[in-house]
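Hello,

Here is the structure I said I would pass on. My notes on it follow below.

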Amino acid sequence: MKYIAAVSAIATAAPAAPDPTHATVKIKLDFDGSIVVLSGAADIGQGSTTILAQSVAEVLGLDLARIRVVTGDSEVVPKDNGSYSSRVTFMVGNAAIDAANNLKALLIAAAARKLEAKPGEIECLGELYRAGAQDKGLTFNEVVTEALKDTGTITVTGNYSTIPQSHGGKKYRGSAIGGTMGYSYSAQVVEVSVDEETGVVTVDKVWVAHDCGRALNRLTVEGQVQGSVWMGMGQAMSEETGFHNGLMLTANMLDYRVPTIQDSPPIEVGIVESMDPHGPFGAKEAGEGSLAAFLPALTNAIADATGLRFNDLPVTPDRVFALLEKRAREVGCKRNGS
Amino acid sequence: MDALPEFALVHPRTLDELIAACVSNPASRLLGGGTDLVVNIRRGIVAPPLLIDVNGVDELRAIKADACTLEIGASVTLTELAAHPDVIRHYPVVAQAAAQIAGPTHRNMGTVGGNLCLDTRCIFYNQSEWWRSANDHCLKTTGTICHVAPKSRGVCFATFSGDLAPALLALDADIDIAGPAGPRTMPLADLYIGYARQDEPVTDTRGDGKYFLSLRPGEFVSAVRAKNTADLRSAYDKIRIRHSIEYPVTGVAVALRRDGDKLADLRIAFTGTNPRPVRLAGTEALCGGKLDERVFKGLDALVRDQIMAMKTTFTPGHYRRRVAGVLARRLMQQLFDA
């Protein structure tokens with residue numbers, strides 16, 4: 001049995017396209033102090049709902065337990081472009097911060113009225129609003145009562161629009177897809193074993209370093225980066241479309257082979273923090289940046305192990321086998337002097 | 001077609017009730033785990049008006065395993081078989097094959113009888129009703145040509161992919177068959193008639209990918225039995241693109257005996273290649289000497305002659321045939337050296 005182990009590293013930048021469309025988040029505050037964040041951004045397992053709750057709690061200085069997030073029901077929530085292109089934390093997160101700041105301004109104005117002070121003098125400590133350090137101040141619920149006195153339930157809106165950028169002499173705000181503005185970077189090291197008799201490639205270990213700006217939630221960042229590696233593994237090693245007379249042969253979950261946990265190598269995630277001046281609290285993205293890096297890192301590792309370069313993906317065992325055989329034939333021909 | 005056509009479901013408690021149910025409707029099908037059948041029903045491949053649940057029949061649920069004999073009831077689940085300590089100890093090839101079938105949830109549901117009688121598979125057959133209809137159907141359903149080999153003159157090449165069959169063929173297993181004409185026993189090898197010979201017509205004893213089992217109307221496999229051979233070493237291995245929720249690209253079972261430094265007995269069986277699991281004929285001629293290049297060359301020749309992998313899966317047939325030989329060679333070496 002012949003096995004060769006090898007290591008290869010690659011760094012990529014996530015594709016990014018600023019977009020003119022913006023995200024909208026609404027926050028509803030009711031008489032009992034309940035705060036409901038309304039967003040069209042669907043949590044598809046990536047943790048975006050947690051990020052929205054965290055963002056609003058952070059701005060208002062409140063415990064997470066006070067925040068409830070409602071997403072997805074388009075009869076209730078504002079329209080959102082969707083969970084794709086690594087955009088939710090960046091765009092919807094910024095909109096949530098904007099909405100929370102708008103709510104905070106109303107609360108501060110209410111506190112100022114009640115405390116007979118100027119809004120600029122009000123200090124917001126989350127559960128306590130006061131006019132100066134000596135003031136015993138108002139509880140959050142007292143402020144809410146004052147704020148709702150004349151209007152009843154309050155709903156505020158927050159928006160985010162991407163920043164226009166100069167691109168080839170024109171003002172450029174991205175295409176209609178509303179892609180991410182988070183310019184993240186990822187470096188990846190992939191260790192593989194190549195079975196030269198069967199063409200089976202085994203990924204033994206993956207190390208990823210991902211620059212996500214400020215990590216708003218380290219647990220979800222780590223999960224997202226692991227998910228990116230699996231997605232990259234699918235593209236690089238097993239997922240494939242094929243057609244017979246225009247009919248897709250692999251249009252089902254059995255034949256379109258998304259990797260399972262059985263195929264997962266140990267993945268070591270390194271979070272590299274930086275501050276993005278436009279990102280929510282300095283965050284960029286952790287959605288897909290590490291997906292792109294897996295593919296070249298894998299093929300480089302296979303090349304390091306075998307000397308073979310693959311220009312067709314996925315690198316399935318039959319493709320590896322075919323190239324190994326081709327090389328063996330060529331070497332054989334040379335030996336025979338032909 | 002409906003998403004799930006209407007059918008009656010009965011739950012016999014005894015073997016006699018089960019046989020009576022089979023006889024009552026010739027278009028009925030047995031339901032073990034349903035992991036294969038229900039998928040095919042949903043795809044409109046089959047629409048049995050009566051499903052007969054075999055899981056309530058106690059006579060079919062026993063495993064008897066000791067150092068001398070192995071007997072497995074048809075409704076024993078693959079999980080039970082893979083975990084049975086005496087099967088693992090005395091018949092490792094069977095336990096290993098069972099443990100590598102599909103994914104854990106399939107093994108919890110799937111049964112021994114179902115796996116032994118697993119419907120043959122093909123990329124032109126295991127598709128939706130719409131897909132097959134757009135492709136003019138195929139020989140295995142209602143069509144007139146085989147898309148794998150359009151010049152096959154009425155022969156279907158759909159591939160047998162069960163993992164247990166090669167393992168049990170390597171043990172020279174027998175099967176018990178129940179049916180309206182009373183019980184009978186025959187070699188497991190005689191169950192499989194998918195010879196798919198283009199030079200002779202399909203008959204009751206020599207079939208193809210469509211007529212691949214020799215069961216008569218109303219008959220079903222009730223148990224599989226094998227006798228142990230002293231000092232027999234056995235193992236199973238397979239190639240798959242991903243390591244769960246996958247049919248074998250190719251699977252190989254090897255059983256052998258070593259007498260001093262001589263190979264005394266050799267049995268090899270394959271799955272995932274032909275329309276039947278193939279117990280390699282002619283291996284006796286490879287025994288009697290050391291396990292050397294002469295044996296492996298002989299093995300290669302037998303595989304070349306008897307293993308016929310066509311374009312029935314997304315993975316090319318050439319690759320499946322070649323790695324079948326590689327796996328066999330490796331298992332032989334491992335078992336011989338063990």
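In this predicted model, helix α10 (residues 293–306) of chain B packs against helix α11 (residues 317–337) of chain B at an angle of about 145 degrees, and their axes are 10 Å apart. The crossing of α10(B) with α11(B) is right-handed. On the α10(B) side the contact is made by B:Glu293, B:Val295, B:Phe296, B:Leu299, B:Asp300, B:Val303 and B:Arg304. From α11(B) come B:Arg321, B:Gly325, B:Ala328, B:Arg329, B:Met332 and B:Gln333. Sorted by class, this contact has six nonpolar, two polar and five charged residues.

Next, the interface between the chains. The size of an interface is often given as the accessible area lost when the parts come together. Between chain B and chain A about 2,600 Å² is buried, and carbon and sulfur atoms give 61% of that area. In chain B, the residues that lose the most area to chain A are B:Arg242, B:Phe314 and B:Arg330, together 28% of what that side buries. Chain B puts 29 residues into the contact and chain A 31 residues.

Four salt bridges are found across the interface of chain B and chain A, and 13 residue pairs are in polar contact there. The side chain of B:Arg330 also forms a salt bridge with that of A:Glu197 (3.0 Å, N to O).

On the side of chain B that touches chain A, α8 (129–134) and α11 each supply at least two residues. The largest share, eight residues, comes from α11(B). That side of chain B divides into 15 nonpolar, eight polar and six charged residues.

Regards

Terms used: Residues numbered from 1 in each chain as written. Chains lettered and ligands numbered in written order. Predicted model: local features only at pLDDT ≥ 70, side-chain atom pairs only at ≥ 80, totals over all residues. Heavy atoms only, no water. Axes fitted to C-alpha atoms, helices over the stretch in contact; angles between N-to-C directions. Helix = DSSP H or I, 4+ residues; strand = E, 2+ residues; numbered from the N terminus. Left-handed = near helix turned anticlockwise from the far one by under 90°. Contact = heavy atoms within 4.5 Å. Nonpolar A, V, L, I, M, F, W, Y, C, P; charged D, E, K, R; others polar. Buried area = accessible area lost by both parts, 1.4 Å probe. Polar contact = N/O pair within 3.5 Å; in protein donor to acceptor, adjacent residues only side chain to side chain.
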